[in-house]
Every structure is written in structure tokens, then in C-alpha cells.
Amino acid sequence: MTIWILSNGFMLDSATIRWTRVVSALDAEHIMVENLSFLMPHLPLYLLIPFYYIPGLATGAAPYLLSLLVAIYLLHLWAKNLKEVELSEHRLVILGLLVVLHPAFLWSATAGSHIALSMLAFYLLYRAAQHIISDHDLHSYISLAVVFVFYFFIDGSAIFIFVALIPLLVVIAPIRTIMVSPMSLYLIVGTPFAFALFSWAYLNWIFEGSFTNFITDADSDFLGGMLHVFDYPWLLDYGGQFFMPLLAATGYLLIAFPVSVYLLLDTINNSYRFRASFVLLLHPLIAIAIATSQYYLTHPFEILTLVSAGLMAELTYVKMQTKREFVFLVIFMMVSVVGGWWLFIETASPQMAQWVQALKGEELHTAETDSDLQLGLWLKEHRQTTMMYERSAFRVIAARGDAKGLVLSFSHDFKAAMRSRIPDVEQIAVPEPDSLIGRRDWLNIRHPNLYSYGMKGFDLVYDYMGWRVYRKHG
């Protein structure tokens, strides 16, 4: 499926940005951790580094391969944990197919985003929570804390997932623990996460001069959709509110995952399982409401997708020995697949809609109409030292296949050139200033007339579909 959608022209912007960030850092004259930028979580970047050395992945296939491998590992781990339920092989296959066929899982596994890693973290988080409920084991508290530390370095929404779980920890924890030492649970779970957060702020202070750089810089992934509200219908309708997105998210959950309601009702007579089901039902909804109130969440599926992983974790504790129990579970999972696809298609963001189109076999664009691809191929042939802003040109860098000889924003040469009236570089690539990427391009901001009129000492050598390249005389 991944090969199919990629062959039809689907490329997820966030996946391409992550890959070009890795390529740019590794192709730089000096490989430094700060070149990876502190404006995005680092763990997905570190996991992509080994793929840089594999031939054939230079143009951006690595994030998709990584997502697939993570999804496969999640399924393997789930199957291993399901042995506790003692399922027959054919029942295991049926459950596996129903999980995989849900659009939340397929989107995470094939779109090349970081969400596959988030799903793995969410699965481990809920396994730890269930162990806390059923075993009262100190190691489970520590596991929960460790998962949250890794989660922070995977996904910018981790802070909202963490905050949403705080009021629900009393549901998870044994009553005796709450009565004897209510703060101990919060200290065990919260201290490592707080340490991760402050460590990140400290690194931002060292390299960027500000503790809050990662939540104040306009290009930061930790801001989500905060600075682009008008681009996202979800934020236009519910941004800045709490209760309305909570109600809307509840409707989304009931349509896409009615099986979670069935499991809640099915566990009423078992206090341990009921508490886990209750938390799984409520936790994502609260996280969506908090993230939307802070203008972070651009689409509810960014967090709702994680429910698939939560359900997988819950199924490792559900008893399905009788045929009646298993049949009811399968029916509700089938309804979840149908409802999930309907909701996914009806509420799709632009990139989700492109994924659906590619899945249907519709070609999204041709090479001739892809301006970034054309410039990337041109730069591959004309390898002079070229200055460009990589946030505007991430697709160009991916099409070029490497960043060797490129002067990018994290380099000292770029910063020196930005201070000069006439940059000392061989070539300058700049997008049309009236375009979406052009308005935020640092070169356009520094030299507002560069695209239209060029620069003294430079000749126009490339002009195609919103990109221009100027080359120094001689």
C-alpha cells in the first residue's frame, strides 16, 4: 500500500521535512546536534539517521519505511502480549486484520508521519497503566514515567497527553496508594517528564539563547496550528474552547471507535478492566479538548488515531474465550472500521485527502507540474554552492537527494550571508514572495525585491513555476 500511494504522488510534508532535516545535518560541513533544530522532537530524526546510509532512500522514502517498521513491531509486540488471552490463531488473524484495516492504523503506518511512533508509545503507556491497575507493581509506575519521557521526544502533543492523564491517575492507581500517599504517584510519573521538558528548554537556551525558543519560534512543531488557525477548519470552529471540542471529539470517537464504548459496558462487572476502559475512553477526549483550547491540534485524528493503539493494549486483557463474546467484539470492531473510514474521508485535512486520493489510484501530480521536483533535479545537475531557506525548500532538497554544497539556515555561512547586503555565495534560490512558502522565506524577508529584480552581481539562470535561481557573474 505504501508503494502504491507513493507511486501516485503522495508525499507527506512533515515526513519530507524530517528527512531533509536529517540529510541537511549529515551533509553539513560539521555534523552537530543543533543542526537538527530544536523546533521539532528529535527521536524520529535519530531513528532516520541509519537510513541515510542505505542506498536508494536519498529522495525521501526513509520516513515511510520507518513508519512501516514501527507499525510491524507494534503488531508483533501486540501479538506477543495477546498470548496472555490464549487466542486461537484464526481469532488472532481476524483481530489483527480488523485493527490494521482501520484508517487510523493505516494512515499512521503508511503516511510516513511520526504517528506510528506515537502509537507505539501510547500502546506501552496503556500497558503500563493496566499493570498499575491489576498488579500494583512499582515497576509499572516507572514504566509509565519512562514512556512519557520518550513520548516528549517523539510528539509535540505529548504535553497534552500528559496533562490529560493527570486527573485520571487517581482512577488508575490503587485506592490504598491514593489514601496513604497521593503525591507519590504524581512524583514518580511526573518528575521524569518534567526533567525531559526542562532539559529541552535548557538545550534551547544554550543553542538558541532562549529557554522558550521551542514554543515561541514561528516555525516550531511544538506550536501545532497556533499560528495558522485560518488554514484548519477544526481550529476555526473550536480553537480556544474546551467543552465544545470535547463534545465534538466524543462524537468523533463514537463514530470511529464504537468498540471502545462496547468494551466499557462489557467490563462493568470487572472493576480492574472497567477502570482501564474508562480511562481509555476519556483520556484521548480530554487531550483533544486541551490541545484544541491551546490552538495546537489541527485535526482530531492527530490524537484519535492513538485510540487504535490503546484498544490494542486493552484487548490484551479482554477475555474472549466464549464464541458470543468474540462475535460481539468482532461486530463492534467491524462497525468501527466502517465508521472510521467514513469519518476519515468526510473530515479529512488536505494531506489526509491526498492520501485517500492516492489510495484510490488517482495521480496527485506529474513531474512536469511539480515545481519543487523540477528545481531539485536542476540543482542536482548544477551543483554550485547554493543558498536557500530549507523550510521553504524541503521538497527541493528531497528531490535533489542530498544537501552537499547547500548553504542552509543553521550554518555560519548562511548567517554571515544574511548580514551582508550582497551574499558571498555562487547561487541563491528563492520562491515567489506572494506564495504561501514565499511569504515566510527568510531570503524574501531579508531581500524583498530579490525574486522580482535580482541582485547586483547576479544573473537569473533558472525561472520556472514560482522558483528563481540567481548566479554570481563569472
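S37 is buried, with a relative accessible area of 8%. In this predicted model, S37 sits in the loop between α2 (13-27) and α3 (43-48). Beyond residues up to four places away in sequence, S37 touches R21 and H42.

H299 has 7% relative accessibility and counts as buried because the cut-off for buried is under 20%. The side chain of H299 reaches the backbone nitrogen of F301 at 3.1 Å. Leaving aside neighbours within four places in sequence, H299 is in contact with W234, T347, A348, S349 and M352.

Helix α19 (residues 306-315) is mostly covered, with 10 of its 10 residues buried. Among them are L306, G310, E314 and L315.

The next topic is the sheet. Five strands form an open sheet with mixed pairing, in the order β2-β1-β3-β5-β4. Its edge strands, β2 (406-407) and β4 (458-464), each pair on one side only. β4 pairs with β5 (residues 467-472) in the antiparallel sense over 6 bridges. F458 has K472 in β5 as its bridge partner. Helix α22 (residues 371-381) packs on the sheet and touches β1 (386-387), β3 (427-431), β4 and β5. The direction of α22 makes about 135° with that of β4. Strands of a sheet pair through backbone hydrogen bonds, either parallel or antiparallel.

Aromatic rings come next. The whole structure holds 32 aromatic pairs. Two of them are set out below.

| Pair | Type | Centre to centre | Angle between planes |
|---|---|---|---|
| F10 and W107 | edge-to-face | 6.4 Å | 65° |
| W341 and F344 | edge-to-face | 6.3 Å | 65° |

F10 is buried at 0% relative accessibility, and W107 is buried at 7%.

W341 and F344 both lie in helix α20 (residues 323-346), 3 residues apart, about one turn of the helix. An α-helix has 3.6 residues a turn, so residues three or four places apart point the same way. W341 is partly exposed, with a relative accessible area of 21%, whereas F344 is buried at 0%.

Ring pairs also link a cluster that includes F38, F148, W200 and F222.

The charged end of R91 is over the ring of F326, 4.6 Å from its centre. R468 lies over the face of Y451, at 4.4 Å from the ring centre.

Notes: Residues are numbered from 1 along each chain as its sequence is written. This is a predicted model: local features need pLDDT of at least 70, side-chain atom pairs count only at pLDDT 80 or more; totals for chains, interfaces and linings use all residues. Side-chain values use heavy atoms; hydrogens and water are left out. Two strands pair if DSSP finds at least two bridges between them. Helices (H or I, at least four residues) and strands (E, at least two) are DSSP runs, numbered from the N terminus. Contact means heavy atoms within 4.5 Å. Axes are lines fitted to C-alpha atoms, for helices over the stretch in contact, and angles run from 0 to 180 degrees between N-to-C directions. Buried means under 20% relative accessible area, exposed over 50%, partly exposed in between (1.4 Å probe, protein chains only). A polar contact is a pair of N or O atoms within 3.5 Å; within protein, one must be able to donate a hydrogen and the other to accept it, and residues adjacent in sequence count only if both atoms are side-chain atoms. Rings of Phe, Tyr and Trp (its six-membered ring) pair if their centres lie within 6.5 Å; planes under 30 degrees apart count as stacked, over 60 as edge-to-face and the rest as tilted. A charge sits over a ring if NZ of Lys or CZ of Arg is within 6 Å of the ring centre and within 35 degrees of the ring normal.
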